[in-house]
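Please keep the sequence and the structure in view while reading.

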Amino acid sequence: MSLNPNGYKSLLLLVAGAKGAIGSTLAAAVSMLKHHPESVLPYLTTAGKFPSLFPQQAVDFAGWDVDNHPMATAISRHGILPNALWEPFQDEIARVKVFSSPGADLSRAAQVQQIILNIQSLKSGFPDALPVFINLLPACASEPLHATYTLSQIYAHKDSSGQEIFWPDISPDLSYALAAIACQIPVVNFTPNLLEYPAVVQEAVKNGVCMAGCDGKTGQTYFKVVLASAFKARNLQVDGWYSLNILGNADGKNLMDPEKAAGKLANKTHLLDDILGYPVGQKYGTPSHKVHIDYYPPRGDAKEAWDVIDLVGLFDLPMSIRINLQGRDSILAAPLVLDLARWMAALSRSGRKGLIPELGFYFKKPMGDCPPITFQEQLNCLQSLEYECLHL
Ligand SMILES: NC(=O)c1ccc[n+]([C@@H]2O[C@H](COP(=O)([O-])OP(=O)(O)OC[C@H]3O[C@@H](n4cnc5c(N)ncnc54)[C@H](O)[C@@H]3O)[C@@H](O)[C@H]2O)c1
């Protein structure tokens, strides 16, 4: 039976990593949405869309974190939002329900069971709300599960001697996703971590749940897709593209571990060749699209990115472009998360289940068959998807 949000009066964001940089910014944005919608709504790509869903301001926030400090402490510690912006709503923010994450010593099955119990208690606290699960956990090193694993193998992984091994610390987000799917709750994977194993997607289809991911496309990569699509449309040949990011938040620090950064760097790199239709750097015999991420504490969440793009035009004559993005990681990311939750609610109502590759606009590595590649294709897909949601 597919999830039918008819009759729901609001949206409930269930966020794993609720007190992280993006999660806590989102918690504040949800409060702001109720009191000063004019400070949030204009920055949503879904503003004004899906009018029959539920009021755009009707959003609540709950979730999980390993951090047991109050949400206000998390907002203040991240230093992303000026105090004057969120302090007037600190009582409301303090009431946000954030569960402790399941213990890392528990088996996968026990973790999933605990999260299901948490979800059931949240559902009874918000009986009129449509929940959407959002994964905002830190980037993990790659998961040692095979794509061919069945669900029971994912739950209980065995080594070559048949001994059962649990992976509590590896891909903890998979436990949240499995619990959400069991509760028929749509899943948004904003992280570069792999959740979309075939067996997991099959389970989502079986339960009538839609899934969107992975790796949110917020700053440098968003502009890269736009520009690369423009170069392709003009047949300007990209000879090389050097991208550097400095950021000083916890995500930046975490990504200093090469194993944890590997997935994100691959997602940031592959899409350029896919858009252009040729491997950049082919004539040099080595890729000349380079992406670097460097942890630089003084910048906090105020990430900065530089791009040097070398192009070739008529008669093979070289040109180049330089871009300096002075962004704010979580300020770019939080509204996209809210947008994705609204899309998932609308798609659930229209009966969609399984992966939604048409949401490629929002992701560095859109999961599912034949995702849209160029910027124009991504916009076209959003338009068709909106039409599908509105014409049931
Ligand atoms: N900011 C962006 O622009 C952007 C873009 C694309 C992807 N992402 C991804 O989004 C994710 C979140 O980013 P962030 O900047 O908020 O990271 P963050 O490190 O600030 O937040 C992660 C939160 O997860 C919590 N956590 C860790 N393990 C947990 C567990 N087992 N259960 C529950 N909570 C747990 C941490 O305590 C922390 O509060 C990262 O994977 C990042 O790579 C971010």
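How do the residues of the shell around the ligand divide into nonpolar, polar and charged? In this predicted model, 15 of them are nonpolar, eleven are polar and six are charged. The shell comprises 32 residues, and the closest to the ligand are G17, G20, S101, T191 and A250. Two or more residues each are contributed by α1 (21-35), β2 (59-65), α10 (250-254) and α12 (329-349). Of these elements, α12 provides the largest share, with four residues.

The surroundings of the ligand may next be placed within the domains. The domain assignment divides the protein into domain 1, which covers 10-216 + 330-390, and domain 2, which covers 220-326. Each of the two domains supplies at least three residues to the shell around the ligand. The C-alpha centres of domain 1 and domain 2 are 27 Å apart. Where the domains meet, 19 residues of domain 1 are in contact with 22 residues of domain 2. On the side of domain 1 that touches domain 2, nine residues are nonpolar, seven are polar and three are charged.

The protein as a whole remains to be described. It contains 13 helices and 13 strands. Its radius of gyration is 21 Å, close to the 21 Å given by the globule rule for 392 residues, so the protein is as compact as a globular protein of that length. The C-alpha trace spans about 65 × 60 × 45 Å along its principal axes. Of the 392 residues, 46% are buried. Among contacts between residues at least 6 apart in sequence, 77% join residues at least 24 apart.

Technical notes:
Residues are numbered from 1 along each chain as its sequence is written. This is a predicted model: local features need pLDDT of at least 70, side-chain atom pairs count only at pLDDT 80 or more; totals for chains, interfaces and linings use all residues. A residue is near a molecule or strand if its C-beta atom, placed from the backbone, lies within 6 Å of it. Ala, Val, Leu, Ile, Met, Phe, Trp, Tyr, Cys and Pro count as nonpolar, Asp, Glu, Lys and Arg as charged, and the others, Gly among them, as polar. Domain bounds come from an automatic or database domain assignment. Two residues are in contact if their C-beta atoms, placed from the backbone, lie within 7 Å. The radius of gyration is taken over C-alpha atoms; the globule rule is 2.2 Å times the number of residues to the power 0.38. A residue is buried if 20 or more other C-beta atoms lie within 10 Å of its own, exposed if 12 or fewer, and partly exposed in between; C-beta atoms are placed from the backbone.
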